Amino acid sequence: MPREVEPSLNERAFVTQALQEGQRIDGRAFDQFRSLDLRLGEQHGVADVALGKTRVLAKVSAEVTTPYSDRPFNGIFAITTELSPMASPAFEVNRPTETEVLLSRLIEKTVRRSNALDLESLCLVAGQKCWSVRVDLHVLSHDGNLIDASCLAVVAALRHFKKPDTSIEGDHVTIYTPAEREPVPLSWLHSPFCVTFSFYGENGDIMLADATLLEEQLRVSSCTVSLNKHGEICQVAKLGGTAVEAISLIQCASAAVIKVKEFSALVDERLADDLKRRDKGGLLAELSAENER
């Protein structure tokens, strides 16, 4: 199985010494993120996120299926991740790595277990038919901090997605095409985002946000905080590594709130721009013309 190219001894010594002197090799502050870009696709439910050299594409699809027997009133939501050799030589096709498994689980916990997506609204006929919403997550380029970029892409794609409208008569479900009825957005309750911090030093006393791939390979521990813009924490994930003081986790949560508000504002802005672009000469223009009259 291919392995990531490990940093040389010189790289380890250089990065470690720079951090001890309060410097990062790319010149950023310890709590500063790389340049972030979010693009929404022509098709509803497609989001492309670029965080520095890390790039992730999320695509949402939906189909009618049978609900789980133990949850007859809920729809189905799943996330499928794909880390191909195109993103990094350490990844292989159809051979999930630990990175891929952790990525999928962390994002699924953030979105599904926080009840961000209302699964009951996906139910069509209790115990018989429901919507199954699936997010395909494609990592196009890997240069660190996949979790934060992927979570942003998934949330943006889900909020951008629209499923076909339906009508129900008894047990019969009619699914309308976009030409027959306007597709409807998913029932979305709040927008949780992930913010990951990396720790360095023997005691983990140096904390960085948005680590690059090289910085990730040298960290002694990491912590991912998932929360929304209101400061409601959905999960705190610290998977092994050096023990970290409780005060450091509190500092992580406080810093994450500020960043999540920026993420939320960015998604809202891109969604509003996309709506205006799609609605030229449509309903909004009609209503504004009516107001002018």
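Predicted model: local features only at pLDDT ≥ 70, side-chain atom pairs only at ≥ 80, totals over all residues.
The sulfur closest to that of C194 among the cysteines belongs to C151 and lies 3.7 Å away, and C194 takes part in no disulfide, because a disulfide requires the two cysteine sulfur atoms to be within 2.5 Å. C194 has a relative accessibility of 0% and is therefore classed as buried. C252 is likewise in no disulfide, the nearest cysteine sulfur being that of C223, at 4.9 Å. With a relative accessible area of 0%, C252 is buried.

E100 is located in helix α2, which spans residues 98-113, and is buried, its relative accessible area of 11% falling under 20%. Apart from neighbours within four places in sequence, E100 is in contact with T81, E82 and L83, and the side chains of E100 and T81 are joined by a polar contact of 3.5 Å.

At the level of the whole chain, six helices and 14 strands are present, and the C-alpha atoms occupy a box of roughly 65 × 55 × 35 Å along the principal axes. Of the 293 residues in the protein chain, 45% are buried. Where contacts link residues at least 6 apart in sequence, 70% of them join residues at least 24 apart. The accessible surface of the protein chain amounts to about 15600 Å², with carbon and sulfur atoms contributing 50%, while the mean positions of the 32 positive and 42 negative charges are separated by 1 Å.

Notes. Residues numbered from 1 in each chain as written. Heavy atoms only, no water. Buried < 20%, exposed > 50% of the residue type's maximum accessible area, 1.4 Å probe, protein only. Helix = DSSP H or I, 4+ residues; strand = E, 2+ residues; numbered from the N terminus. Polar contact = N/O pair within 3.5 Å; in protein donor to acceptor, adjacent residues only side chain to side chain. Contact = heavy atoms within 4.5 Å. Areas by Shrake-Rupley, 256 points an atom, 1.4 Å probe, with all protein chains shown as cover. Lys, Arg positive; Asp, Glu negative; His and termini not counted. Charge placed at Lys NZ, Arg CZ, Asp CG, Glu CD.
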